[in-house]
Amino acid sequence: MRLRTLTLAAASGAALLAAGVLPAHASGTGATTGTKTPASAQEGSVSAADLLAKVKSCSQISNGKYKTDDETSATVPVCGKNGAVFWKADMDIDCDGQRTTNCNENRDPWYQNDTAFHQSDGKPLKAESLPYIVVPSSSGIWNYSSAGIKGGGVVAVIYNNKVEYAVVGDTGPTKIIGEASYATAKALGIDPDPATGGADSGVTYILFKNSKVSPIESHSAAVSLGDQLAQQFLANN
């Protein structure tokens, strides 16, 4: 998980301004600059449009709403549908877990070398290569486990008319929502840089209840199960 603070964010911003560099999302051009969107950006047989059509309205199941960052107001509810929960938020980049070329303490000011859920061999997940999302730690606002959401559960992440299947891989702050791994962002054409990347808005997260990918680190298994559950979701809502 990443515990962003205003102090860290301000310090990072000051350093970037001093260097004459703005975060990619601040410049308005960085979502795909210098990178080619992977072919996996649209996964499975269910379109983004069909999934989004089912989550236009929200039946709120959370006791309150979440912030997308420390400095924002709480505006994001967790919504319930048949067989799933969902929310619409931003995407901060989680680079936690095993150290890799792009996910380490030198690249990520908030880096932690562990994830809430682990691979089948007991090791933390790899944010750089495994698409996963972060759920808020259980609190008075919402308890993800009570809603049928568990580690390794399947998630359809939708952005810019693309669908990427991911797993529930980490937990985050109790009052903040909207975070996914480096690999998730990259596959969707979002700047995956843990310090300056992400998307300010426009990301939909659909979490399928009582689902679990085994092993959690198998992305192909997540895509296969996710496609089945997405089809069921369309049929049942």
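Helices (H or I, at least four residues) and strands (E, at least two) are taken as DSSP runs and numbered from the N terminus, and the expected span of a helix is 1.5 Å times one less than its number of residues. The structure is a predicted model, in which local features need pLDDT of at least 70 and side-chain atom pairs count only at pLDDT 80 or more, whereas totals for chains, interfaces and linings use all residues. Residues are numbered from 1 along each chain as its sequence is written, and side-chain values use heavy atoms, with hydrogens and water left out.

The protein chain contains five helices and seven strands, which follow one another from the N terminus in the order α-α-α-β-β-β-β-β-β-α-β-α. Of the 237 residues in the chain, 52% are buried, where buried means under 20% relative accessible area, exposed over 50%, and partly exposed in between (1.4 Å probe, protein chains only). The chain exposes about 10100 Å², of which carbon and sulfur atoms supply 50%; accessible areas come from the Shrake-Rupley method with a 1.4 Å probe, and for residues only the protein chains shown count as cover. With contact defined as heavy atoms within 4.5 Å, residues 24 or more positions apart account for 75% of the contacts with a separation of 6 or more.

Strand 4 (residues 154-159) and strand 5 (residues 162-172) are both mostly covered, with six of six residues buried in strand 4 and 11 of 11 in strand 5. Strands are regarded as paired if DSSP finds at least two bridges between them. Strand 4 and strand 5 run antiparallel and are joined by six bridges, in which V155 has A166 as its partner and V157 stands opposite E164. On strand 5, a further pairing is made with strand 3 (residues 132-136), in the parallel sense and over five bridges, and here P136 is partnered by G172. Strand 4 is in turn joined to strand 7 by four bridges, again in an antiparallel arrangement, with Y205 of strand 7 as the bridge partner of V157. In a regular strand the side chains alternate between the two faces of the sheet. In strand 4, V154, A156 and I158 point one way and V155, V157 and Y159 the other, and all of these residues are buried.

The hairpin formed by strand 4 and strand 5 has two residues between the strands, and N160 in the turn adopts a positive phi of about 55 degrees. N161, which is found in the loop between these strands, has a relative accessible area of 58% and is therefore classed as exposed. Not counting residues up to four places away in sequence, N161 touches Q42 and A48; the C-alpha atoms of N161 and A49 are 6.7 Å apart, although 112 residues separate the two in sequence.

Helix 5 (residues 219-236) comprises 18 residues and reaches 25 Å from its first C-alpha to its last, close to the expected 26 Å. Its buried residues are A222, V223, G226, D227, L229, A230 and F233, and the elements that cover them include helix 3 (48-53), strand 1 (79-81), strand 2 (84-94), strand 4, strand 5 and strand 7 (199-208). In the loop between strand 7 and helix 5 lies S211, which counts as buried because its relative accessibility is 5%. Leaving aside neighbours within four places in sequence, S211 is in contact with K150, G152, G153, V154 and L229. A polar atom of the S211 side chain lies 2.9 Å from the backbone nitrogen of V154.

A nonpolar core is defined as a set of buried Ala, Val, Leu, Ile, Met, Phe, Trp, Tyr and Cys residues joined through side-chain atoms within 4.5 Å. The largest such core has 60 residues, among which W87, M91, I133 and Y205 touch the most other members. At least two residues of this core are supplied by each of helix 3, strand 2, strand 3, strand 4, strand 5, helix 4 (182-187), strand 7 and helix 5, and the largest share, seven residues, comes from strand 2.

Conventions: Polar contact = N/O pair within 3.5 Å; in protein donor to acceptor, adjacent residues only side chain to side chain.
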